[in-house]
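Here is a short briefing on one protein chain. Please keep the sequence and the model in view while reading.

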Amino acid sequence: MRIAILDDYQDVALTFGDWDSLKADITVFTEPLTDVAEQLRGFECVVAMRERTRFPAEVLDRLPDLKLLVSTGPRNAAIDVAAARRNGVVVSKTGYLGEPTAEHTWALILAASRNLPQEFRNMREGGWQTTVGTMLHGKTLGLLGLGRLGAGAAKIGQVFGMETIAWSQNLTQEKADPHGVTAVSKEELFARSDVLSIHLVLSGRTRGLVGAAELAAMKPSALLVNTSRGPIVDEAALVDALRRKEIRAAALDVYDVEPFPADHPLRTMDNAVLTPHLGFVARETYEIFYGDAVEDIAAYQAGDPIRVMTE
């Protein structure tokens with residue numbers, strides 16, 4: 001079996017999971033593909049890292065040799081599962097850990113609140129105390145989405161002594177009560193939040209959900225945090241809001257285009273704290289991703305596919 005492992009930016013995939021047990025011809029791609037159908041020609045199995053590479057119908061239709069597509073994580077909006085099924089391609093998934101992303105959310109919140117990127121740089125350059133940060137205790141943490149990750153973020157915010165409020169399209173106070181969170185309207189969420197953290201799945205309903213009007217409704221002292229998916233926020237509107245100081249800062253781990261363009265204006269802005277989609281990037285997550293991927297492939301080889309995606 002010829003196997004392609006995609007988007008292994010750190011070149012570490014083969015150090016996780018028992019790949020030798022598959023007795024396969026494995027090719028690792030450490031750079032984004034430029035022509036997916038052409039570069040994956042002849043591969044029977046592809047292991048996709050999250051949603052970094054898109055597999056729409058027009059790509060799947062051009063991969064006649066592909067029989068198994070393994071996606072790390074439980075869902076992948078970049079794969080047309082119906083088109084895969086139509087082409088006779090089995091799509092399998094892996095397990096996932098939400099905790100690393102929740103932890104990274106708070107790394108970003110703390111870094112932005114206390115101006116840590118600037119102070120890290122100042123210390124290396126010989127400086128001393130050049131910024132004034134803000135504390136979190138007594139502030140309001142707004143959660144755009146109160147699923148597993150949003151609820152986890154709320155719990156940490158409460159430990160910091162923050163009031164926690166949330167909104168999503170189907171959130172009720174009954175659902176929010178077990179988490180000690182107050183359900184509010186969308187308008188109230190944006191108006192009241194000192195820190196607004198996004199915890200939604202990207203879909204047709206959430207794409208562009210945070211736009212110019214929502215950013216304008218936020219406090220000038222507010223921090224916007226996104227560790228979910230870049231397109232939930234209108235990136236052009238965010239750049240404009242940061243330039244005009246409509247909000248104090250944004251802390252981002254996800255972007256419209258990834259890898260993030262080297263010349264993007266956000267890279268030059270002092271009020272933007274940026275990390276390169278590190279939320280899920282932890283040793284423990286990779287052990288699950290690649291360990292499960294090996295199991296998925298072995299099960300397929302044995303004629304009994306496991307963890308098969310149906311949508």
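The end C-alpha atoms of residues 107–279 lie 10 Å apart, and this span is 31% helix and 16% strand. Helices (H or I, at least four residues) and strands (E, at least two) are DSSP runs, numbered from the N terminus. This is a predicted model: local features need pLDDT of at least 70, side-chain atom pairs count only at pLDDT 80 or more, and totals for chains, interfaces and linings use all residues. Residues are numbered from 1 along each chain as its sequence is written, and side-chain values use heavy atoms, with hydrogens and water left out.

**Annotated spans**

- For residues 107–279, UniProt lists "domain: D-isomer specific 2-hydroxyacid dehydrogenase NAD-binding", from an unreviewed entry.
- UniProt positions follow the numbering used here, feature names are shortened, and annotations may be inferred rather than shown by experiment.

**Helix 10**

- Helix 10 covers residues 235–243, and its residues E235, A237, L238, V239, A241 and L242 are buried.
- Buried means under 20% relative accessible area, exposed over 50%, and partly exposed in between (1.4 Å probe, protein chains only).
- The cover over these buried residues includes helix 9 (212–216), strand 10 (223–226), strand 11 and strand 12.
- At the start of helix 10, a side-chain oxygen of D234 comes to within 3.2 Å of the backbone nitrogen of A236.
- K245 follows helix 10 and has a positive phi, near 60°.

**Cavity and pocket**

- The structure holds 1 cavity of 30 Å³ or more.
- On a 1 Å grid over the protein atoms alone, a cavity is a set of points where a 1.4 Å probe fits but cannot get out; a pocket is an open set with protein on both sides within 12 Å along at least five of seven lines; lining residues have an atom within 4 Å of a point.
- Grid points are joined across faces, edges and corners, and a volume is the space filled by probe spheres set on the points.
- The largest cavity has a volume of about 50 Å³.
- Its lining consists of N226, G230, V233, E235, L238, L252 and V254.
- By class, the lining of the largest cavity has 4 nonpolar, 2 polar and 1 charged residues.
- Ala, Val, Leu, Ile, Met, Phe, Trp, Tyr, Cys and Pro count as nonpolar, Asp, Glu, Lys and Arg as charged, and the others, Gly among them, as polar.
- The second largest pocket holds about 310 Å³ of space.
- This second largest pocket has 17 lining residues, and Y255, F260, T275, P276 and H277 lie nearest its centre.
- Its lining divides into 11 nonpolar, 3 polar and 3 charged residues.

- S92 sits in strand 5 and is buried, at 0% relative accessible area.
- A polar atom of the S92 side chain lies 2.9 Å from the backbone oxygen of I306.
- Not counting residues up to four places away in sequence, S92 touches L68, L69, V70, S71, D296, I306, R307, V308 and M309.
- Contact means heavy atoms within 4.5 Å.
- N122 belongs to helix 5 (residues 116–124) and is buried, with a relative accessible area of 13%.
- The side chains of N122 and E119 form a polar contact of 3.3 Å.
- A polar contact is a pair of N or O atoms within 3.5 Å; within protein, one must be able to donate a hydrogen and the other to accept it, and residues adjacent in sequence count only if both atoms are side-chain atoms.
- Leaving aside neighbours within four places in sequence, N122 is in contact with G127 and T130.

**Backbone geometry**

- Most residues other than glycine have a negative phi, and most peptide bonds are trans.
- D7, in the loop between strand 1 (2–5) and strand 2 (25–28), has a positive phi near 55°.
- D11 is found in the loop between strand 1 and strand 2, and its phi is also positive, about 55°.
- D7 is buried at 2% relative accessible area, whereas D11 is exposed at 53%.
- The peptide bond from E258 to P259 is cis, with omega near -5°.
- P259 lies in the loop between strand 11 (249–252) and strand 12 (272–274).
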